[in-house]
Structures are given as structure tokens and as C-alpha cells.
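Trainee: I have a new model open. How should I read it?
Mentor: Let us look at it together.
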Amino acid sequence: MYSKKYNIETDTHCHTVASDHAYSTVLEMATYANKASLRAIAITDHGPELPDGAMIWHFGNMRCLPPYIKGVRVLHGAEANILDYDGSIDITGKYLTELDWIIASCHDPVLQPGTVEQLTNAYIGVANNPYIDVIGHSGTEMFRYNYERAIPIFGEKGKLVEINAHSFAARPGASENCQIIAKLCKKYGVRIVVNSDAHSCFAVGEITTALEMLESIDFPEELIVNRTLDSLADFISKKRKRNII
Ligand SMILES: [Zn+2]
Ligand SMILES: [Zn+2]
């Protein structure tokens with residue numbers, strides 16, 4: 001996906017029919033990713049604690065997929081649910097190491113929106129889990145936490161902060177919050193990923209709103225880990241000791 005300033009080659013937050021409220025297959029997602037000139041996508045269906053998330057076996061059997069589909073590298077991931085204010089998640093055990101990519105997010109059917117203090121604790125708990133890669137769509141207003149306190153900790157712990165384009169349209173208050181979060185990431189040198197959170201193939205790679213916001217604050221391209229397949233592969237190889245290309 002192109003903007004004036006950025007050329008983002010990968011989309012690391014995509015849902016398939018394994019989540020009941022998403023509408024495309026892996027093949028459809030890869031086909032449209034290819035059309036959008038993406039080089040990689042991560043399939044990250046919702047963890048099992050969301051009422052219409054994938055069941056846990058989904059995450060254990062992803063290796064049956066070929067690594068490249070329609071010329072697009074398809075990574076095996078999950079969007080885990082944050083379960084409590086300690087930052088526990090619903091993807092555990094062997095799945096944490098077998099998967100390529102783990103996002104952790106708050107969803108209100110699973111976690112009641114708590115106080116800023118409770119949610120800050122939850123996010124710091126997530127930061128302390130070495131297997132989580134990405135702090136998912138954390139600009140959601142109902143899950144507001146102390147950004148100034150938590151974001152430097154995300155950086156210290158090697159977490160990537162997601163700027164989620166879907167939030168700009170779907171989550172009230174998120175566009176203002178995402179800008180505050182992105183400015184703090186810039187200030188503290190914390191790395192990010194920019195994703196579509198596509199729930200159908202027609203939205204794969206659709207991150208224009210997020211890129212426009214990042215352009216408006218002159219966000220440094222080198223902090224965007226999913227900007228190229230190489231930069232994404234470099235992150236995964238350092239963290240998971242696994243070469244994805
Ligand atoms: Zn969803
Ligand atoms: Zn989500």
C-alpha cells in the first residue's frame with residue numbers, strides 16, 4: 001500500500017472465516033493481497049475466548065498451509081484476547097512458540113473495560129509476556145490506558161505497537177488516540193506495525209487512513225517493522241530464531 005511517504009509491503013493483521021464475523025478464506029485473502037501488491041500477510045484469527053473466535057485447534061494446524069499462496073508469504077498468527085488486568089491471554093503453551101506472529105488485543109466481550117490503572121497494568125502484563133509480538137489496536141477509547149507510562153515499556157520489552165487502520169472507522173475516539181500513541185512511539189523510538197485488521201479480502205492492505213495520520217506527524221519509516229518483507233523477516237528471525245523467507 002502506497003502513500004506519499006511510505007510503501008508498506010506487508011499486512012500483519014488479517015482475519016478469515018475461522019472467525020465467524022469475517023468473510024473470506026485464506027486463499028481469497030492471499031489472492032487479494034497479491035492484487036494489492038503485498039508480499040506477505042499474517043493470518044491472525046481471534047483467539048478462542050472471543051465468542052466467535054477460532055477454536056484452539058485452528059492455531060495448531062496452520063502448518064498444513066503452504067508458506068506462499070498466490071506468491072504471497074502467509075504467516076501463521078493469532079489475535080489473542082487479553083483476559084484480565086494482569087495481561088493473561090488465551091493463546092498459551094506450544095502455540096506461543098509454534099506460531100510466527102502473536103497480537104494481543106482487548107475486546108469487550110472478553111474483558112470488561114476497567115479503569116485506566118487496571119488497563120495500564122493489563123498492557124504492562126502483556127509487555128512482560130516474551131511471546132507476544134504486537135500490542136493490538138490499543139487506541140480503542142473504551143480501553144484507554146496510561147500511554148505515557150506504558151509505551152516506553154513496550155519499547156523496552158521489544159513489543160510492536162499496532163496502528164490499526166480499521167480502528168479509524170470502526171472504533172470511536174480511536175483516530176485521536178492513535179495519533180497520541182504514534183507521537184509517543186516516535187518520541188521514545190518504539191517500533192510499530194501498520195495493519196488493516198481486514199475482516200474480508202476486499203480490505204486486505206487497506207491502511208490509507210493510518211498512513212495519512214503517520215505522514216501528518218512525520219513518523220519515521222524505519223520504525224515501521226512491517227514496511228518491507230525483509231524488515232518483518234528480520235524482526236521474526238531475531239525474536240523467534242526462524243527464517244520466514
Ligand atoms: Zn474481529
Ligand atoms: Zn481485534
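We take the nonpolar cores and then a metal site.

Mentor: This is a predicted model: local features need pLDDT of at least 70, side-chain atom pairs count only at pLDDT 80 or more, and totals for chains, interfaces and linings use all residues. Residues are numbered from 1 along each chain as its sequence is written, and side-chain values use heavy atoms, without hydrogens and water.

Trainee: Which residues touch the most other members of the largest nonpolar core?
Mentor: In soluble globular proteins, nonpolar side chains tend to be buried together. A nonpolar core is a set of buried Ala, Val, Leu, Ile, Met, Phe, Trp, Tyr and Cys residues joined through side-chain atoms within 4.5 Å. Buried means under 20% relative accessible area, exposed over 50%, partly exposed in between (1.4 Å probe, protein chains only). Here the largest core has 67 residues, and Ile41, Ile91, Phe154, Leu214 and Phe219 touch the most other members. A second, separate core of 15 residues includes Trp101 and Leu232.

Trainee: Which residues coordinate the zinc ion (ligand 2)?
Mentor: Donors are N, O and S atoms within 2.8 Å of the metal (3.2 Å for Na, K and Ca); water is not among the atoms, so sites may look incomplete. Glu79 (OE), His107 (NE2) and His137 (NE2) coordinate this zinc ion at 2.1 to 2.2 Å. Their spacing in sequence is E-x27-H-x29-H. The zinc ion (ligand 1) lies 5.2 Å from the zinc ion (ligand 2).

Trainee: Is His137 buried or exposed?
Mentor: His137 is buried, at 3% relative accessibility. His107 is buried too, with a relative accessible area of 10%.

Note on methods: Chains are lettered from A and ligands numbered from 1 in the order in which they are written.
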